[in-house]
Amino acid sequence: LILSPIIVAAQKTWDAGGDGINWNSANNWNPNGVPAATDVVLLNTNTTFTIFNVPTQNIGKLQVTGTTNVTLKPNTSGNRTLTVTTAATDAILIDAGATLTIAGRDNGSNDRRLTLTTSNTTGLEAAINGTIKVALDVAGQQNTYGVFTKGGANAVIRMNSTATYIHEVNGSAIPIAIWNDAALCNI
């Protein structure tokens, strides 16, 4: 008999209980601990805030709910990619009324980008009902931008009827998605 380890996804909810700004501060999450590869990351504070130092890593799901308005920015030591990996219809979820901004970061002479992407997993869907924006960290710093994309043909991004996509960068690409006729794309 060979037993395989069972990996259980935890839910990590942002509560800003540590320094209030750093992804890698364990006390900013409830329960305390930085999100791991299979975790569901829930951002539901119903406030406006920025999370800095988003690393390159895999997470299970990313969900922005309520009237939360959050900006994610990478750390300053290189371009970063946050990859969502769970096969679910809410792998990336942005509620109507919520906004997720993906931005780069100005680090003086070394500008940084942050990419939010999906893995190439069949059954993985991003359900965008609110606003998703890719933006510059600093106006005029063209390499400080965010990117939102899917990581292969098997994943799906759905821009639903209440969705708004805002492309505030000179560069990057509009995500390949299934666009509802009522969804908005602002460039």
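Two strands are taken to pair if DSSP finds at least two bridges between them, and strands (E, at least two residues) are DSSP runs numbered from the N terminus. The model is predicted, so that local features need pLDDT of at least 70 and side-chain atom pairs count only at pLDDT 80 or more, whereas totals for chains, interfaces and linings use all residues. Residues are numbered from 1 along each chain as its sequence is written, and side-chain values use heavy atoms, with hydrogens and water left out.

Strand S1 (residues 11-14) runs parallel to strand S3 (residues 40-43) over three bridges, with Lys12 opposite Val41 in S3. S3 is also joined by four bridges to strand S6 (residues 61-64), again in the parallel sense, and here Val40 stands opposite Lys61. Within S3, Val40 and Leu42 point one way and Val41 and Leu43 the other, and all are buried (under 20% relative accessible area, with a 1.4 Å probe and protein chains only).

Strand S13 (residues 131-135) is largely enclosed by the rest of the structure, because four of its five residues are buried. Five bridges join S13 to the parallel strand S10 (residues 99-103), where Leu100 stands opposite Ile132, while four bridges link S13 in the parallel sense to strand S16 (residues 164-167), where Lys133 faces Ile166.

Notes:
Buried means under 20% relative accessible area, exposed over 50%, partly exposed in between (1.4 Å probe, protein chains only).
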